[in-house]
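Please walk through the model below.

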Amino acid sequence: MSSHAATAGHIDHHHDATTSTGIPNKKLFMWAFLASDCMFFGSLIATHLIYRLHPPAGSPDPRDLFSIELTSGSTFILLMSSLLMALAVNAIQKGNVATTRKMLLGTIIFGLIFLGGQVYEFNHFVKVGGLTLSNSVFGSTFYTLTGTHGTHVAIGVLWLVLMYIRTFKPTDDSNGQGWIAKGALHFLAFAGAVVVGMYTLLALVHAYEEGHGLAYYFSHHFISFGGTIALIGALIWFARSPGPVDFGEANAIDVESMGLYWHFVDIVWIVIFPVVYLLEYIVLP
């Protein structure tokens, strides 16, 4: 604890004002939000289980749709993202901004891989399995539960991207609004790279599944592939060292609050994966 914090008695180690409970405001807010979200996911999981234990006649067999190998891989990736998030929190608590950026970027990439797997899975279920949100109770509960979780992951990735860009705010912004304009362009480059990159990657997977070669792929998706490379180049340019930045140990509570959210999302998936996927092979008919 800093000397100022020890003297003041109401400022914690990470420079965040505390409540009467001794818990920082931001952390208490996040815990309260996660508690309410926990009950929300609990109701979705319970609803799915009730309908799976008493399936209506004509319900599809999920074992004909699921790919446990794909979902297990996505689960592993999401768990590893939690490790990177914890390392990011540890790094910023030590004031190591460079390592914090690397760990945040790794968490973003792993989160995007998980989302890409979910998009591929949903697309496969609809086009191959014929499972939609409205044609069966299983489809309704499955898409509502896993889609809500995916939305939480997407929100987490958005938060991570904004925090990553925030780490580049210069200490001396002599151009006034220059940092805001540059940050907005940085975000647009990130968003473009994510959208175009995910489209390009899924197109490559689709071409592979259809038995097409790389020549066919590049002849149909050269523009998106080139756009992805250009946008990644733009991100590398934005990531150049801007000199002293207005981001450090004082922002640790912000990164820590974001880490709480990300770990919660991962823990929810650790519950969803066995309940929705693995139980189909163990208990349910």
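Among contacts in the protein chain between residues at least 6 apart in sequence, those that join residues at least 24 apart account for 78%. The model is predicted. The protein chain has 8 helices and 0 strands, and its pattern along the sequence reads α-α-α-α-α-α-α-α. Of the 285 residues in the protein chain, 40% are buried.

H149 is found in helix α5. Its relative accessible area is 0%, which is under the 20% limit, so H149 counts as buried. Leaving aside residues up to four places away in sequence, H149 touches F41, L78, F114, V265, V268, W269 and I272. Two of these, F114 and W269, also belong to a cluster linked by ring pairs.

The aromatic residues come next. The structure holds 22 aromatic pairs. One of them joins F122 and Y143, with 5.1 Å centre to centre and 90° between the planes, an edge-to-face arrangement. F122 lies in helix α4 (residues 97–127) and Y143 in helix α5 (residues 137–166), so this pair ties together parts that are 21 residues apart in sequence. Y143 has a second ring partner in F142: the ring centres are 5.5 Å apart and the planes stand at 70°, so this pair is edge-to-face as well. Why does Y143 count as buried? Its relative accessibility is 11%, and the limit for buried is under 20%. F142 is buried too, as is Y143.

Ring pairs link F66, F114, F122, F125, F138, F142, Y143, W269, F273 and Y277 into a cluster. Elsewhere, rings take part in arrangements with charged side chains. The charged end of R101 sits over the ring of F168, at 4.0 Å from the ring centre. K182 lies over the face of W237, and there the distance to the ring centre is 5.8 Å.

The remaining topic is empty space. Rolling a probe the size of a water molecule over the atoms shows where such space is left. How many cavities of 30 Å³ or more does the structure hold? There is 1 cavity of that kind, and the largest cavity has about 60 Å³ of space. Its lining consists of L70, T71, S74, F114, G117, Q118, E121, W269 and Y277. The elements that give two or more residues to this lining are α3 (68–93), α4 and α8 (252–282), and α4 gives the most, with 4 residues. By class, the lining of the largest cavity divides into 4 nonpolar, 4 polar and 1 charged. The cavity lining includes F114, W269 and Y277, and these three residues are also among the members of the ring cluster.

The largest pocket holds about 670 Å³ of space. It is lined by 26 residues, of which I108, I109, L112, F190 and V194 are the closest to its centre. Two or more lining residues come from each of α4, α6 (178–209) and α7 (214–238). Which element supplies the largest share of the lining of the largest pocket? That element is α4, with 11 residues. The lining of the largest pocket has 20 nonpolar residues, along with 4 polar and 2 charged.

The second largest pocket has a volume of about 320 Å³. There are 13 residues in its lining, and Y120, N123, K127, H206 and E209 are the closest to the centre. Both α4 and α6 supply at least two residues of this lining. Here the largest share, 6 residues, comes from α6. The lining of the second largest pocket divides into 7 nonpolar, 3 polar and 3 charged residues.

Note on methods. Residues are numbered from 1 along each chain as its sequence is written. This is a predicted model: local features need pLDDT of at least 70, side-chain atom pairs count only at pLDDT 80 or more; totals for chains, interfaces and linings use all residues. Side-chain values use heavy atoms; hydrogens and water are left out. Rings of Phe, Tyr and Trp (its six-membered ring) pair if their centres lie within 6.5 Å; planes under 30 degrees apart count as stacked, over 60 as edge-to-face and the rest as tilted. Buried means under 20% relative accessible area, exposed over 50%, partly exposed in between (1.4 Å probe, protein chains only). A charge sits over a ring if NZ of Lys or CZ of Arg is within 6 Å of the ring centre and within 35 degrees of the ring normal. On a 1 Å grid over the protein atoms alone, a cavity is a set of points where a 1.4 Å probe fits but cannot get out, and a pocket is an open set with protein on both sides within 12 Å along at least five of seven lines; lining residues have an atom within 4 Å of a point. Grid points are joined across faces, edges and corners, and a volume is the space filled by probe spheres set on the points. Ala, Val, Leu, Ile, Met, Phe, Trp, Tyr, Cys and Pro count as nonpolar, Asp, Glu, Lys and Arg as charged, and the others, Gly among them, as polar. Contact means heavy atoms within 4.5 Å.
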